[in-house]
Every structure is written in structure tokens, then in C-alpha cells.
Amino acid sequence: MRHLHDDEIKKLEERAQEVRELTIEALIHAGSGHTAGPLGMADIFTYLYFHALKHHPHQPNWPERDRLVLSNGHICPVLYATMALAGYANPADYQKRLRKFGSPYQGHPHREWLPGIETSSGPLGSGLSQATGMALALRMDTGSAVDQFVYCLMSDAELQAGSTWEAAMLAGKERLHNLIGVVDRNNIQIEGYTEDIMPLEPLRDKWEAWNWHVIEIDGHNFEAIHAAIGEAQAVFEKPTVIIAHTIPGKGLQMAERRFGWHGNPPGKGPEDVYTKAEQAKKMLKDIRTLGGTIRSEHE
Amino acid sequence: MKLHQRQAIHKKIFTNPEMSPIRSGFGEGLKEAGGRNPRIVALCADLTESTKMNLFADAYPDRFIQVGVAEQNLAGVASGMAAAGKIPFISSYAMFSPGRNWEQIRTTICYNDQPVKIAGSHAGISVGPDGGTHQAIEDIAITRVIPRMQVIVPADSIEAYKATIACAGTKSPTYLRLAREKTPIITTDRSPFEIGKANVMTESVDPQVVIIACGPMVFNALKAARQLADTGLETIVINNHTIKPLDKKTILREVKRTGAVVTVEEHQRMGGMGSALAEFLVQTYPVPIEFLGVSDEFGQSGEPEELVEHYGMGISHIVEAVHRVLKRKRG
């Protein structure tokens with residue numbers, strides 16, 4: 001796979017910024033929802049929807065499409081934002097209707113409410129099973145030459161649910177090369193840091209033990225994301241998991257690395273930096289200016 | 001009491017009934033359905049022979065997935081395959097699927113509206129010697145409360161064969177409840193079977209009570225009805241194989257004729273077929289009902305018939321319940 005050109009990287013970075021901005025705007029309107037995970041995964045979602053996926057946003061059921069399964073459904077604000085910017089929905093509509101009555105943007109994704117969503121999710125630990133089923137079915141139809149990929153995005157803490165490892169075992173047994181897992185290794189969960197709540201390390205060894213090919217990357221570096229997806233597509237005899245090290249709350253200094261922002265929207269987060277009353281306004285400003293100081297470095 | 005002509009009931013039913021496990025009808029039906037439709041796939045959690053899914057697996061090995069002892073994954077993988085265009089059948093013991101993997105069935109199959117068919121074998125108390133851990137007597141309750149789910153309880157192996165083929169042709173998630181032991185064959189190839197259409201098994205000019213049963217208990221209900229008829233008490237027996245969607249029309253008609261109901265099922269009295277009927281009848285045509293089933297207890301080891309007697313679903317229990325409900329009706 002060829003390298004990304006500088007202008008491609010710049011475009012992706014700008015896109016990711018739009019995704020973050022729309023995510024925060026929608027969360028502020030919603031008044032509830034998760035903040036840290038969506039911001040941390042914005043770069044990977046941007047790369048997948050704007051560079052990697054074979055898909056037609058205006059024909060969501062195109063049979064030859066790749067499949068993207070979001071297993072940790074609670075980070076759907078970033079899924080909706082990316083999908084809206086990619087053409088599956090109207091960004092202005094999304095901004096106002098996340099988690100509202102009758103809205104396509106349910107608090108956790110439902111495939112029947114927003115065409116283009118492959119599966120409903122929320123209860124953790126079930127996405128990899130469904131992605132494995134999809135990869136199996138696609139290979140059954142096409143044979144080993146199958147080039148339709150199934151991407152399964154998971155959180156790190158959901159790997160504490162045993163059903164994930166049931167699926168990992170089956171995908172390893174079946175040598176599902178068209179299955180690509182992405183683990184958001186952001187080290188936080190609702191009640192604290194993963195290694196305090198229930199340690200996941202050695203995480204690489206766990207996946208390797210189930211016969212997966214493992215790649216570890218910086219989940220905010222587009223060149224690294226690009227190279228990892230390319231490698232995952234090239235590996236033939238195994239499924240691949242990309243352990244993407246990310247910063248929860250990425251892009252918003254007040255939220256970065258703080259587990260208190262896992263399940264709270266702007267205005268309801270921890271008050272260690274800003275009061276609840278100040279949070280929404282400050283966050284919007286920060287996200288729109290790339291955090292003020294960060295912008296000057298960026299430029 | 002006369003056996004209903006239209007039901008084409010097996011002629012040896014009261015003399016020397018042929019015996020066959022209900023799960024065998026499922027296995028043969030699945031193989032037949034698989035031959036008719038290449039989109040059908042089958043997945044099992046290390047109980048392929050026990051659930052008789054081996055017939056399909058041997059005939060269509062490329063369409064069979066062995067997931068190992070992993071029932072949660074079993075449900076999720078099937079949902080994913082359905083999302084990619086397949087019609088998956090999954091099988092295990094009912095205690096583990098839909099028992100252990102209920103949330104995956106609710107979220108990944110029913111909430112997603114995927115046409116996965118869940119065959120739960122070894123359901124009911126008649127599992128016998130394996131004991132309480134393996135006797136699923138709560139499964140009707142937990143499946144019928146899930147939106148979109150069809151719940152079917154075949155009365156014998158011939159009906160299980162037909163039910164399997166029929167549900168393969170529907171778009172609904174479906175729970176097929178199957179018993180382990182050899183069960184008397186009641187129906188024949190010519191007996192009608194339609195999902196959501198209860199079968200009235202007997203004819204009577206002046207019936208006093210309607211006995212509504214499902215699964216292997218239909219046989220007991222017929223035997224009880226005959227015994228009652230010998231003493232001059234006429235009843236109607238309904239084989240209510242589809243618990244959801246309920247055949248409200250047929251049930252209401254027969255309940256209006258009799259004004260009293262006895263329900264019989266190999267399940268907890270709470271939440272099962274009897275409860276489903278009661279939910280419907282109290283709102284439309286309230287009549288006295290007697291519920292036969294397990295009374296808020298766990299099972300134990302024993303021979304199937306012994307257990308059915310112990311937990312109160314035997315022929316004598318049905319006869320007694322008919323007398324009880326009749327007394328209440330006459331008030």
C-alpha cells in the first residue's frame with residue numbers, strides 16, 4: 001500500500017477536527033451521552049469513513065460494501081458525526097437531535113433507525129461475535145478471495161466481557177482474514193482506569209494466544225492508522241487486531257485522560273478545571289480553535 | 001369425545017403409540033429446509049448430535065459452524081451471519097440457549113430484527129436423569145416477552161419437522177422448543193400445521209371444559225380427555241403449538257363454547273403458555289382457568305414420567321384439574 005501524501009493527511013486531520021466539533025455540538029444539545037471515547041476515536045473513524053471503507057453513503061445497503069461494526073455503542077456520537085459528514089445523514093439535523101425522541105440518533109445505535117448502521121449495539125462484548133458472523137457469511141459466499149472487510153471497533157474495557165474472547169477464539173479457528181478488529185486502548189472506563197478496575201495487560205499476548213495477528217499503533221497518527229489497516233488487509237491466514245493507543249477526550253484539554261469524562265457530556269463533567277456552567281461554552285471554544293495554544297503550534 | 005377428523009391424528013395413539021424424540025423431527029426438518037434453501041446455515045455449541053443438528057452438518061458441512069461451548073457467541077455470530085444474508089439456525093440445550101445467552105438473543109437478534117431460529121433442545125422436566133441444572137422450565141417465559149420473537153412448541157417429532165421447515169420460511173426470530181425424550185407420535189404427515197394456528201384435536205357436541213396444552217403434554221391431555229369422556233364428561237383438547245403469536249380466534253371460540261380452561265405445559269406455571277392465555281382471556285372473556293405446570297420449584301433427577309407425575313402434569317392431574325375448574329364454573 002502506498003503512503004499517504006501530506007495533503008491527504010492534512011485533509012484527514014481537518015476532517016477529524018470537524019468530526020470532533022460536530023460531536024461536541026451534538027452532545028451539548030443532547031445534554032447526556034459520552035464524551036471521552038468519541039473524541040479519542042475521532043481520527044480512526046475519520047480514516048475509516050473517508051479513506052478505508054468501500055461504501056456508498058447514498059446506497060447504505062450496497063451488497064458489496066465493507067461492514068463497520070461498532071461494538072461499544074456508547075461512543076456512537078462519533079459514529080453519527082462521521083456518518084453525517086460522510087453523507088449518511090444531515091449534520092445540522094444530527095447536531096440537534098442526538099438522543100431525542102423519535103430521532104435516528106438513538107442513545108445507543110439501532111440499525112433500523114439510521115440506515116448505514118450495520119448493527120445495534122450498547123450492551124458490551126457482543127460486537128465481535130456479530131462481526132465474526134458477518135465475515136464468515138461473506139467468505140462463505142465469495143470464498144477465500146473475499147475482499148469485503150469487516151471492521152469491528154471495540155473499547156478496551158469491554159474486553160473484560162468474556163463473550164469477546166469466545167468470538168476471538170472462533171475467528172482465530174476460522175482464520176478469518178477479512179475480519180479486522182480495532183481496540184480503543186484509552187485505558188479508562190466508567191469507574192476508573194482499566195488496569196485498576198480489571199487489568200487487561202498483557203493485551204497483545206491475549207490476542208496472539210487466540211491466533212490473531214496484532215498491530216499496535218498511535219491511534220491519532222494517520223500514517224500509522226493507514227499502515228496498520230494496509231497490513232491488516234494483507235495478512236491472509238489470520239484475523240488482525242489493531243490495538244490503537246488513544247487519548248480519551250483527545251482535543252479537549254479539560255477532558256483528556258480523565259475517566260470522569262467517560263460517561264458525561266459537556267456541562268455534566270467533573271469540575272476539576274471548569275464548573276459545569278462553564279464547560280459547554282469552554283469546550284466549544286476549545287474545539288473550534290484547536291485549544292487556542294495548540295492552534296499556533298499546529299499552524 | 002371424538003378425535004377431530006381434520007387433524008388426521010395417528011390411529012395408534014391410544015393403543016400402541018409410536019415413539020420418537022421431538023428433537024429428531026427438528027434435525028430432519030432442518031436438513032430438508034437446508035436442501036430447499038442454500039441461505040440456511042447452522043451453528044452449534046458442541047451439542048450437534050444431541051440436538052440432531054448433525055443431520056444438517058453431515059449433509060452441508062460448508063454451511064455448518066461449530067462454535068464450541070460458547071452460547072453467547074453462538075447467538076451473536078448467528079446475528080452477524082443473518083445481517084449478511086443468511087438464515088441461521090442455532091442449537092444447544094434450552095437451558096444454555098436461550099438460557100445463558102438471553103441478552104445476546106434480545107439485543108443482537110430480536111432488537112436487530114434478524115431471522116435467527118433458536119432451537120432449544122432438552123426443554124422441560126422430561127429431560128429426566130440429568131437433573132435440575134439441565135431442565136429448562138423457564139424458557140417460554142423468557143422468550144415470549146421479547147418483541148418480534150415467535151415461540152413454537154411442537155407436540156411430537158412430525159410436528160417439529162413441519163415447524164422447522166415453516167419457521168425457516170418466516171422473517172421472524174423464532175424460538176423452537178424441543179424435548180429430549182422419545183415422545184408418543186400424535187400427528188401424521190397429513191395433519192395440518194401452520195405457525196400461529198392452534199389445532200383443535202377433538203370434537204364434542206357439548207364440551208364442558210377446554211384443555212389447552214403444548215409440547216409432549218398434548219398427549220397427556222388427549223389421554224385425560226378420553227378418560228373423562230368415558231365417565232360422561234366431554235372436553236375439547238387444543239394443541240397450542242404456537243405460543244406467540246397466539247391464535248386468539250380459535251382459542252376464544254373454544255373458550256366461549258366451554259367457559260372453563262385447563263392449561264398444561266412442561267414449564268413453570270408462571271410466565272409460560274398458561275400465563276400467555278390468561279393475559280389474553282382476562283381482557284377479552286374471563287373464565288375460570290386451572291394452570292398445570294411446575295409450581296415455582298426446580299426439577300431433579302428421575303425418569304421423565306416419574307417427574308411429570310411428581311410435578312403435577314400427569315393424566316390424573318389433568319382429570320382433577322378439569323373437575324376443579326368445572327366446580328368453579330358452576331360456582
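**Domain, chain and helix contacts in a predicted model**

In this predicted model, the C-alpha centres of domain 1 and domain 2 of chain B lie 25 Å apart. The domain assignment gives domain 1 of chain B two segments, 2–16 and 193–330. Domain 2 of chain B covers 19–184. Their contact takes 33 residues from domain 1 of chain B and 31 residues from domain 2 of chain B. On the domain 1 side, at least two residues each come from helices H7 (217–230), H9 (273–284) and H10 (304–310) of chain B. Strands S14 (242–244) and S15 (261–268) of chain B also supply at least two each. This side of domain 1 of chain B holds 18 nonpolar, twelve polar and three charged residues.

The two chains also touch. Chain A gives 21 residues to the contact, and chain B gives 23. On the chain A side, helix H6 (127–142) and helix H7 (162–173) of chain A are the elements that give two or more residues. H6(A) gives the most, with nine residues. The chain A side divides into nine nonpolar, eight polar and four charged residues.

Within chain A, helix H1 (residues 6–30) meets helix H11 (residues 276–288). Their axes come within 9 Å and cross at roughly 170 degrees. Angles over 145 degrees count as roughly antiparallel, so H1(A) and H11(A) are roughly antiparallel to each other. Their crossing is left-handed. H1(A) contributes A:Arg20, A:Glu21, A:Ile24 and A:Ile28. Facing them in H11(A) are A:Ala280, A:Met283, A:Leu284, A:Ile287 and A:Arg288. The residues of this contact comprise six nonpolar, no polar and three charged.

Terms used:
Residues are numbered from 1 along each chain as its sequence is written. Chains are lettered from A and ligands numbered from 1 in the order in which they are written. This is a predicted model: local features need pLDDT of at least 70, side-chain atom pairs count only at pLDDT 80 or more; totals for chains, interfaces and linings use all residues. Domain bounds come from an automatic or database domain assignment. Two residues are in contact if their C-beta atoms, placed from the backbone, lie within 7 Å. Helices (H or I, at least four residues) and strands (E, at least two) are DSSP runs, numbered from the N terminus. Ala, Val, Leu, Ile, Met, Phe, Trp, Tyr, Cys and Pro count as nonpolar, Asp, Glu, Lys and Arg as charged, and the others, Gly among them, as polar. Axes are lines fitted to C-alpha atoms, for helices over the stretch in contact, and angles run from 0 to 180 degrees between N-to-C directions. Angles under 35 degrees count as roughly parallel, over 145 as roughly antiparallel, 65 to 115 as roughly perpendicular and the rest as oblique. A crossing is left-handed if the near helix is turned anticlockwise from the far one by less than a right angle, and right-handed if clockwise.
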